[in-house]
Amino acid sequence: MSAKDYQKDYYKTLGVPKTATAAEIKKSYRELARKYHPDANKGSAEAEERFKEITEAYNVLSDAKQRKEYDEARSMFGGFRVPTGSRPGPGGTTFDLGDLFGGGTDGLGDVLGGIFRNRTGTASSRARRGADVETETTLSFGDAIDGATVSLRLTGEGPCPVCGGTGAKSGTVPKVCPDCHGTGQQSRNLGGFGLSEPCKTCRGRGLVVEDPCQACSGSGRAMSSRTIQARIPAGVADGQRIKLPGKGAPGEHGGKAGDLYVRVHVKPHDVFGRNGDNLTVTVPVTITELALGADIKVPTHRGPAVTVRVKPGSANGTVIRVPGRGVRRKDGTIGDLRATLEVTVPQELNSKAKSALEDLRIATAGPDPREELLRRARQE
Ligand SMILES: [Zn+2]
Ligand SMILES: [Zn+2]
């Protein structure tokens, strides 16, 4: 039995005097157990908690040896409230009460609530933040720019729905571990030093299940899935990880929910590309449009085409900036559309066009445009 058990008044829990006989204890336990049995109080967490307290008290007081030990310890320590932290234990050794109260338990022990932790503690001292969860989603090009509400199916481990996480078959509850009395710890005495290690009987849970739930084989855990609606903000890029606070696994004992991280994949667009906050598009132009200049129409994403001016003598590959037609930024400003001019060379020429081009060749004849290139290539 651990020191923390001594602060609990098991007699009060069972509503009997300290002088009660074994028969009186049993009688009172039966009445209370019937009243607070989970089957008779469907869904009441309070009743379940009471039932566990009663059972824990009865497990100790119904065992003559444990009851004697308990009574002795109570008279030695008194019914004091054990402060969190270390205090000298019997025999002058020191044990860390913080281990017992705040120590990490998982699975069953946690699901069952604080019965093995400091009952005078506040909710926050038992509160446990839910786990962070990661998932993925794929957005269309447009939804990534505009933002979208998506359905996300989250799969995770949670309490078994059949037994409510207790691991015990319906209508039964786990028993307080007889070897460690619910602490989940066993102490060994090594030359005057108390050494704590996880209880082998209950593997540190503090509870033993005698009649396991068939659905979860007594583990109390089950895989479950839920679907949530999540808002993906405008302007996400392919491969970006979005944090949705509080959308992860629910917390326990009033703890905050974990965060959800969504890895976003963006499908490519047939026409537009993206470079940060700017959109890109490749626009075909003719040789004469580049040479003579022209007003040409450029498509915009989710908007009407805009007319832009190609300056006379523009090179192939010239980028024309169209302000305000890109991706909306967080501050409300909008990126650009960058239109790259790509010359198209006519594949078939009628005789008129052909002779016009012949005339152009003669009119623009001059030094070999590759002369400079060839000269530089010969150096070194
Ligand atoms: Zn179960
Ligand atoms: Zn144990």
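In this predicted model, buried residues account for 36% of the 380 residues in the chain. The exercises below go from the whole chain to single contacts.

**Exercise 1. Describe the chain as a whole: how many helices and strands are there in the chain, and what percentage of the contacts between residues at least 6 apart in sequence join residues at least 24 apart?**

Solution. Begin with the secondary structure, where the chain has twelve helices and 17 strands. Turn next to the contacts: among those between residues at least 6 apart in sequence, 62% join residues at least 24 apart. Finish with the surface, whose accessible area comes to about 22,700 Å², with 51% of it belonging to carbon and sulfur atoms.

**Exercise 2. Work out which residues touch the most other members of the largest nonpolar core, and which elements give two or more residues to this core.**

Solution. The core has 20 residues, of which V281, V283, I296, V298, V308, L337 and L341 touch the most other members. Two or more residues come from each of α9 (141-146), β13 (278-286), β14 (294-300), β15 (303-310), β16 (319-322) and β17 (337-344), and the largest share, four residues, is that of β13. Now take L341 by itself: leaving aside residues up to four places away in sequence, L341 touches V283, V285, L290, I296, V310, N316, G317, T318 and I320.

**Exercise 3. Find the aromatic pair that a search of the whole structure gives, and decide whether Y29 and Y58 are stacked or edge-to-face.**

Solution. The search finds one aromatic pair, and its partners are Y29 and Y58, whose ring centres are 4.0 Å apart and whose planes make an angle of 5 degrees. Since planes under 30 degrees apart count as stacked, the pair formed by Y29 and Y58 is stacked. Y29 belongs to helix α3 (residues 22-36) and Y58 to helix α4 (residues 45-61), so the pair ties together parts that are 29 residues apart in sequence. As for burial, where the cut-off is under 20% relative accessible area, Y29 counts as buried at 16%, and Y58 is buried with a relative accessible area of 16%.

**Exercise 4. Identify the residue that lies over the face of Y261, and state how many residues of helix α12 are buried.**

Solution. For the ring of Y261, the residue over the face is R241, at 4.3 Å from the ring centre. For helix α12 (residues 371-378), the number buried among its eight residues is zero, so the helix lies largely in the open. After α12 comes E380, which has a positive phi, near 65 degrees.

Notes
Residues are numbered from 1 along each chain as its sequence is written. Chains are lettered from A and ligands numbered from 1 in the order in which they are written. This is a predicted model: local features need pLDDT of at least 70, side-chain atom pairs count only at pLDDT 80 or more; totals for chains, interfaces and linings use all residues. Side-chain values use heavy atoms; hydrogens and water are left out. A nonpolar core is a set of buried Ala, Val, Leu, Ile, Met, Phe, Trp, Tyr and Cys residues joined through side-chain atoms within 4.5 Å. Buried means under 20% relative accessible area, exposed over 50%, partly exposed in between (1.4 Å probe, protein chains only). Contact means heavy atoms within 4.5 Å. Rings of Phe, Tyr and Trp (its six-membered ring) pair if their centres lie within 6.5 Å; planes under 30 degrees apart count as stacked, over 60 as edge-to-face and the rest as tilted. A charge sits over a ring if NZ of Lys or CZ of Arg is within 6 Å of the ring centre and within 35 degrees of the ring normal. Accessible areas come from the Shrake-Rupley method with a 1.4 Å probe; for residues, only the protein chains shown count as cover.
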